[in-house]
Amino acid sequence: MKRFSINEDWTAVIMGALIIGVLLLGVSVPVPSFSWSSGDELLNKIFSSGNLASIFLQFAFVLVIAVLASFVSGKPVKNFLVSFPLIYALTVIALIITGNSEVKALNLEAVIFSLLIGLIIGNFFKLPEWFRKTLSTEMFVKIGLVLLGTGVIFSDILTAGSLGLIQALAVVLSVWYFAWWVCKRLKIDDEMSMMISSAVSICGVSAAIATAGAIKGDQKKLSYVISLVLVVAIPMMIFMPLIAQYFNFPEAVTGAWLGGTIDTTGAVVASGTLVGEIALKISTIVKFSQNVLLGVAAFAISVYWSYTKHPKSKEANSKPTARLIWDRFPKFVIGFIGASLLFSLVISPETAAPIKSPLKNIQGLWFALAFTSIGLETRFADLFNKDSRKPLYAFLVAQGFNIIITLLIAWLLFA
């Protein structure tokens with residue numbers, strides 16, 4: 001029998017709901033301690049039997065959710081059971097490093113160290129192909145984002161979301177056409193130009209995948225654009241919050257700038273966390289506003305591609321329909337909004353209080369796991385060979401334009 005499976009977005013919504021439901025039912029998920037300031041504290045506190053037991057129990061809980069997610073979404077579970085413990089162990093190392101008091105003073109989050117650890121191992125050691133295929137970066141990010149909704153008041157979504165949608169429309173239209181123009185000036189082929197323009201202007205990896213699907217794009221070109229998005233997001237995630245802090249930007253403006261500029265949702269969350277709670281909420285909502293446009297953009301691109309001189313597309317899909325909008329819509333946004341509605345309007349503050357800390361802890365863990373995975377799957381060698389220079393230049397120029405125009409728009413709307 002053909003095995004039942006559902007897509008990754010709905011899987012993330014289901015797993016997020018499952019985590020919330022389990023905690024609301026009173027199941028206790030331990031919150032390990034990673035704070036330490038000396039060698040003695042590291043040995044006697046972090047590596048104490050009680051804390052190691054908490055780490056193991058949290059691992060067991062997250063492993064069950066991750067395995068269920070893999071199974072439900074139709075991915076092979078056997079190899080995942082081998083790779084996930086390693087990903088978790090590397091993430092715990094990042095959490096221990098971040099827990100040091102001197103590192104905390106530098107305001108560096110665990111996601112930065114989990115990313116760096118993954119990059120070092122992924123680029124200096126040869127990982128088997130089956131291992132890379134088990135990495136579930138997008139799934140981890142989406143589950144974390146559904147849980148993030150539990151800490152966002154719905155009135156914030158209504159306020160920031162309306163302004164975010166205005167910003168998203170202005171940014172997507174201006175940056176997409178600028179990126180397309182740069183690609184044409186550099187004589188980059190139409191397929192690559194489409195994917196680069198969508199990735200820079202809309203929402204990075206998801207936009208590149210949606211565009212490739214709409215035009216039946218080449219898989220190698222898509223993989224290149226995805227790698228480019230992930231690698232460029234790394235310095236942006238780290239340095240943009242520092243720039244905002246140096247020039248004392250208002251936190252809401254910074255959040256809107258990060259959400260509208262950084263191309264991956266996980267990196268937006270990580271950079272927003274470096275700035276503060278307001279920036280984290282605004283950046284996430286603004287990024288979701290751009291994600292909402294993904295279905296519309298994919299539909300428009302599909303129509304354009306089908307009715308211009310692109311035979312490959314005509315063979316595959318000569319009559320695009322409005323259903324494509326729903327098919328490309330990021331369903332995990334529904335989970336985020338649903339979690340926000342649940343904790344804003346349904347669950348009382350007294351009921352929510354005991355599970356706020358475990359929820360936030362598990363949410364942060366999913367993001368850290370995602371960035372460990374990003375590091376492990378990113379290969380610098382694929383990005384900087386001589387055949388890739390023109391697309392790289394186009395992407396960087398378009399991203400520079402994106403940074404400037406989005407800051408101006410964010411300042412006008414959110415200052």
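The model is a prediction, so local features are described where pLDDT is at least 70 and side-chain atom pairs where it is 80 or more, whereas totals for chains, interfaces and linings use all residues. Residues are numbered from 1 along each chain as its sequence is written, and side-chain values use heavy atoms, with hydrogens and water left out.

The secondary structure of the protein chain comes to 20 helices and zero strands; here helices (H or I, at least four residues) and strands (E, at least two) are DSSP runs, numbered from the N terminus. Of the 415 residues, 54% count as buried, where buried means under 20% relative accessible area, exposed means over 50% and partly exposed lies in between, with a 1.4 Å probe and protein chains only. Among contacts with a separation of 6 or more, 79% are between residues 24 or more positions apart, a contact being heavy atoms within 4.5 Å.

Confidence comes next. The pLDDT, which is the predictor's confidence in each residue on a scale from 0 to 100, averages 82 over the protein chain, and 83% of the residues score at least 70. Helix α3 has the highest confidence, at a mean of 93, and helix α16 (residues 311–316) the lowest, at 47. The pLDDT is below 50 over residues 313–318, a stretch with twelve contacts in the model beyond near neighbours in sequence. Where pLDDT is low, the predicted coordinates should not be read in detail.

The crossing of α1 and α3 is right-handed; a crossing is right-handed if the near helix is turned clockwise from the far one by less than a right angle, and left-handed if anticlockwise. On the α1 side the meeting residues are T11, M15, L18, I19 and V22, and on the α3 side F61, I65, L68, A69 and V72. By class, this contact of α1 with α3 has nine nonpolar residues, one polar and no charged, with Ala, Val, Leu, Ile, Met, Phe, Trp, Tyr, Cys and Pro counted as nonpolar, Asp, Glu, Lys and Arg as charged, and the others, Gly among them, as polar.

Helix α3 packs against helix α19 (residues 349–377) as well, at an angle of about 65 degrees and with the axes 12 Å apart. That makes α3 roughly perpendicular to α19, and the crossing is right-handed. Q58, F61, V62, I65 and A66 of α3 make this contact with N361, I362, L365, W366 and L369 of α19. Eight of the residues in the contact of α3 with α19 are nonpolar, two are polar and none is charged.

Helix α19 has a further partner in helix α8 (residues 137–148), with axes 8 Å apart and an angle of about 160 degrees. That makes α8 roughly antiparallel to α19, and α8 passes α19 in a left-handed crossing. Among the residues making the contact are F140, V141 and L145 of α8 and I362, W366 and L369 of α19. The residues of the contact of α8 with α19 divide into 13 nonpolar, four polar and one charged.

Some single residues complete the picture. Q167, in helix α9 (residues 154–185), is buried, with a relative accessible area of 1%. Beyond its neighbours within four places in sequence, Q167 contacts A256, G260, V286, T406, I409, A410, L413 and F414. S227 lies in helix α12 (residues 219–246) and counts as buried at 17% relative accessibility. The C-alpha atoms of S227 and R379 are 7.4 Å apart, although 152 residues separate the two along the chain.

Turning to loops, K187 lies between α9 and α10 (190–203) and is exposed, with a relative accessible area of 73%. Phi of K187 is positive, near 60 degrees, in a residue other than glycine. N248, in the loop between α12 and α13 (251–261), counts as exposed at 66% relative accessibility. N248 is not a glycine, yet has a positive phi of about 55 degrees.

Conventions. Axes are lines fitted to C-alpha atoms, for helices over the stretch in contact, and angles run from 0 to 180 degrees between N-to-C directions. Angles under 35 degrees count as roughly parallel, over 145 as roughly antiparallel, 65 to 115 as roughly perpendicular and the rest as oblique.
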